[in-house]
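Please keep the sequence and the coordinates at hand while reading.

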Amino acid sequence: MPELDRTEPHPSNAPVTPAPLFGTAVVAGVGLIGGSVAMGLRQRFLARHVIGMDASMDVLREAEALGLVDEIRPTAGEWLRDADLVILAAPMRALIPLANELAPFLNPAALVTDVGSVKGGIAAEMERLKVRNFVAGHPMAGSERGGVTHANAALLENAVWVLTPTDQTPLTALSRARTLVEGLGAAPVVMPPDAHDALVATVSHLPYLASLALTHMVARDERLSLLAAGGFRDLTRVASGDPRMSRDMVVENKAALREALRRFRYQLDRLEADLEEPEELLAAAHEGKRTRDSLPVVRRSLLPQKYDLVVAVPDKPNQIGIVTQTLGAAGVNIKDIEVLAIREEGGALRLGLESAEAVATATGILRGAGFEVRGRG
């Protein structure tokens with residue numbers, strides 16, 4: 001860390017923020033993922049103004065109260081023409097109707113993307129609607145706890161975010177989408193829509209059906225529920241998700257899911273046959289262990305809770321030193337520090353602190369020193 005230049009004055013009372021990637025961003029559908037994206041856009045200074053759109057005024061008021069959005073709108077309209085980023089974050093069954101509602105009002109130059117878990121249908125619909133700068137996307141992140149109250153920008157950090165351009169997708173739109181995903185802290189992976197849908201049928205939608213089958217077996221024999229321990233709970237965790245949203249997800253991808261089910265039945269038949277061949281079953285077990293142990297899984301549930309603060313800093317020397325020395329003098333311990341953005345007009349730092357109380361204390365201190373600060377412990 002550079003030594004603090006004690007001749008460097010503290011920032012003026014007018015906070016300096018990094019130049020945003022987008023002026024006005026619209027998140028249409030402010031649930032768990034939409035709310036997390038909105039929070040990330042604001043926390044990481046990626047958009048100057050974030051508008052939340054949702055059919056539920058209660059959801060919108062909650063998003064506004066939580067500080068996820070700057071403005072709320074219940075319906076589409078001419079106001080959308082001011083947006084240069086639009087993110088469709090409605091549930092699967094509502095995604096195409098939402099696209100049709102928004103399309104007449106979109107700025108032709110706006111980057112448009114979505115966060116749905118099936119890509120073929122929405123990609124085809126956006127081509128039909130002639131939304132030129134659309135890049136279908138799917139952040140591989142989530143939680144059993146849905147709704148805007150559980151939104152958290154940290155859900156997106158280090159998550160794989162699949163982008164699925166078509167032959168009609170402009171390269172400039174794909175480049176902007178990659179920059180957006182990276183700005184939110186996720187890792188972009190690019191593939192065609194049909195390839196994405198085939199892969200998630202196996203790694204996401206098939207496990208959901210398998211968990212349903214297992215839970216149905218327990219439901220039909222109460223003795224089983226007395227013995228269902230950690231392994232069973234791990235295998236059936238996804239059955240705790242929202243039933244309607246999960247149903248819509250798998251039905252939307254039913255063609256690819258049927259193929260995944262066919263291959264799954266084949267594997268079950270092989271394992272059943274191996275019950276008579278202990279060495280073959282042992283070999284299968286070793287292969288399963290090697291595969292499972294090699295997965296790049298982020299075990300979020302085992303990580304300690306994070307208390308983050310994002311600070312905008314001007315593009316001047318020694319700003320990291322000023323921030324850390326100011327907080328250190330007040331007894332605030334910084335556990336982690338990360339540079340989130342460096343642009344011509346300034347940058348942003350993420351500070352990892354010890355507790356929600358430390359976040360509140362640091363927020364007051366840094367704002368008093370003239371910094372713009374955002375965060376939620």
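A search of the whole structure, which is a predicted model, finds 14 salt bridges. One of them joins the side chains of aspartate 70 and arginine 42, with an N to O distance of 3.1 Å. Aspartate 70 lies in the loop between helix H2 (57–65) and strand E3 (71–73), whereas arginine 42 belongs to helix H1 (residues 32–43), so the pair ties together parts that are 28 residues apart in sequence. Aspartate 70 counts as partly exposed because its relative accessibility is 31%, while arginine 42, with a relative accessible area of 18%, is buried.

A second salt bridge brings together the side chains of aspartate 248 and arginine 93 at 3.5 Å, N to O. This pair links distant parts of the chain, since aspartate 248 sits in helix H9 and arginine 93 in helix H3 (residues 92–102), 155 residues apart. Aspartate 248 counts as buried at 8% relative accessibility, whereas arginine 93 is exposed, with a relative accessible area of 55%. Through salt bridges that share partners, Arg93, Arg247 and Asp248 are joined into one network. Helix H9 (residues 243–252) also holds valine 251, which is partly exposed, with a relative accessible area of 39%. Valine 251 and arginine 93 are 158 residues apart in sequence, and their C-alpha atoms are 9.5 Å apart in space.

What does the side chain of aspartate 114 reach at 3.0 Å? Aspartate 114, placed in strand E5 (residues 111–114), contacts the backbone nitrogen of glycine 137 at that distance through its side chain. The side chains of lysine 119 and aspartate 114 also meet in a salt bridge of 2.8 Å, N to O. Both lysine 119 and aspartate 114 are buried, and for aspartate 114 the relative accessible area is 0%, which is why this residue is assigned to the buried class.

Turning to helix H12 (residues 319–329), the buried residues include Gln319, Gly321, Ile322 and Val323, and also Thr324, Thr326 and Leu327. Just after H12, glycine 331 takes a positive phi of about 80°.

On the surface, Glu276, Glu277, Glu279 and Glu280 gather in a patch of negative charge. Within this group, glutamate 277 is found in the loop between helix H10 (254–274) and helix H11 (278–294), and glutamate 277 is partly exposed, with a relative accessible area of 44%.

Conventions. Residues numbered from 1 in each chain as written. Predicted model: local features only at pLDDT ≥ 70, side-chain atom pairs only at ≥ 80, totals over all residues. Heavy atoms only, no water. Patch = residues over 30% accessible without salt bridge, like charges linked within 9 Å, V, L, I, M, F, W, Y side chains within 5 Å. Areas by Shrake-Rupley, 256 points an atom, 1.4 Å probe, with all protein chains shown as cover. Salt bridge = Lys/Arg side-chain N within 4 Å of Asp/Glu carboxyl O. Lys, Arg positive; Asp, Glu negative; His and termini not counted. Charge placed at Lys NZ, Arg CZ, Asp CG, Glu CD. Helix = DSSP H or I, 4+ residues; strand = E, 2+ residues; numbered from the N terminus. Buried < 20%, exposed > 50% of the residue type's maximum accessible area, 1.4 Å probe, protein only. Polar contact = N/O pair within 3.5 Å; in protein donor to acceptor, adjacent residues only side chain to side chain.
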